[in-house]
Amino acid sequence: MTDASVIWFTPDKPEDISVGRRMIARHLRDEGFDVDLHGTTPGTVARCARSADSYDVLVGTTRAGAFAATVLAKVHGLPLVVDHVDPIRQFETTHPRWLSTPVRAAENASFRLADHLLYVYDEERERVERRADATKTALGLEYDRFASPEPDAVERARKELDARGVDGPVAIYVGGLEPIYGIETLLDAVARLEEWTLVVLGTGSLDEAVERADRRRDDVEHLGVVPHEAVPGYLRVADVGVSLVDDPHTLKVLEYAAAGIAVVQAAGRAEARFGDAVTYCQTTPEAVAAAIERADERGPSHEFREFVRQFDWARIAETYASVLRRVAGTPERTAPHGTAD
């Protein structure tokens, strides 16, 4: 017998790039929920429209997923949970006003129509709490997988880098290859460092730029998309993990910390959350290069590693389970754990 059946519309991204919703769904299934995840496209929404009324709850992750779930929930008269994981600021920064203004308005409408809302960013608190019952949550990671990677994964990563001739210190970047993540700045920064190699795991619109650097330079290795299960092995053989986006909730930073490597992060919003556990820098090639060397000299932070332990997906999924039981009208089992955020 299941606690509730859930259909969940997520961002339409490759499974090995956007893993968070899949991790939460896996833990919810262990808790007794029947969860169907769908990347949000016109095709998946059309197919699910015919069967949506057989579920107990609809969940939609911002942005397109929330819009799709809102429409289907209201058409079929089902409970709706909005999973709000990206601040509207990020969309407004990267899109023209003629598009971002109606998207903000559509999000506000979804919030008002939701039976409950889960949100990640404190800067969105006032906006969401004005429109819906809301619960703070966080982005997370599979802590043990990164803190204690499988020996085979480490060995495969080591052999892959050996085969590519990597024998010095390694800076690593894991994630989307988009302009917002400072990829081109990172490429320019590593060119200023002697003996270092930049290992890049991921894909995106800057694939060709990274691949070109890999072909022309000895200090860049672009491995593309690797299975998420293989990522901890690559982090274990790296020295410094880099994130150049001004975002305090970047998942890759938690993974770097759990893996026990030093972290470089763009100065800004993350400083209040992570304190002096991270080496911050301005997003210029010179500043990033200097920060990589400083972070390597400082080494990883044991306290930071312990801090990120609380963001294990299993713990975060407890909050989602509590909300889903509440809106579905099924009995609560145990009180969910909170996080330091």
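Reader: Hello! Which residue follows α8, and what is its phi?

Author: Welcome! This is a predicted model, where local features need pLDDT of at least 70, side-chain atom pairs count only at pLDDT 80 or more, and totals for chains, interfaces and linings use all residues. Residues are numbered from 1 along each chain as its sequence is written, and side-chain values use heavy atoms, leaving out hydrogens and water. Helices (DSSP runs of H or I, at least four residues) and strands (runs of E, at least two) are numbered from the N terminus, and after α8 comes G165, with a positive phi near 80°.

Reader: How far apart are the end C-alpha atoms of helix α8?

Author: Helix α8 covers residues 151-163, which is 13 residues. The expected span is 1.5 Å times one less than the number of residues. That gives 18 Å for α8, and the distance between its end C-alpha atoms agrees, at 18 Å.

Reader: Which residues of α8 are buried?

Author: Buried means under 20% relative accessible area, exposed over 50%, and partly exposed in between (1.4 Å probe, protein chains only). In α8 the buried ones are A153, V154, A157 and L161. They sit on the same side of α8 because they cover an arc of only 100° around the axis, the arc being taken from the directions from the helix axis to the C-beta atoms. So, with that 100° arc in mind, the buried names to look for are A153, V154, A157 and L161.

Reader: And which residues are exposed on the other side of α8?

Author: The buried residues of α8 are covered by elements including β8 (197-201) and α11 (231-236), through contact, meaning heavy atoms within 4.5 Å. On the other side of α8, the exposed residues are P151, D152, R156, K159 and A163.

Reader: How much space lies in the largest cavity?

Author: A cavity is a set of points on a 1 Å grid over the protein atoms alone where a 1.4 Å probe fits but cannot get out, and lining residues have an atom within 4 Å of a point. Points are joined across faces, edges and corners, and the volume is the space filled by probe spheres set on them. Searching the whole structure turns up one cavity of 30 Å³ or more. The largest cavity is lined by 14 residues, with A262, V263, A277, G299 and S301 nearest its centre, and its space is about 90 Å³.

Reader: Is E195 buried or exposed?

Author: You can find E195 in the loop between α9 (183-190) and β8. Its phi is positive, near 75°, in a residue other than glycine. With a relative accessible area of 65%, E195 is exposed.

Reader: Which peptide bond is cis?

Author: Look at R63, in the loop between β3 and α3. Omega is near 10° for the cis peptide bond, which runs from T62 to R63.

Notes
On a 1 Å grid over the protein atoms alone, a cavity is a set of points where a 1.4 Å probe fits but cannot get out, and a pocket is an open set with protein on both sides within 12 Å along at least five of seven lines; lining residues have an atom within 4 Å of a point.
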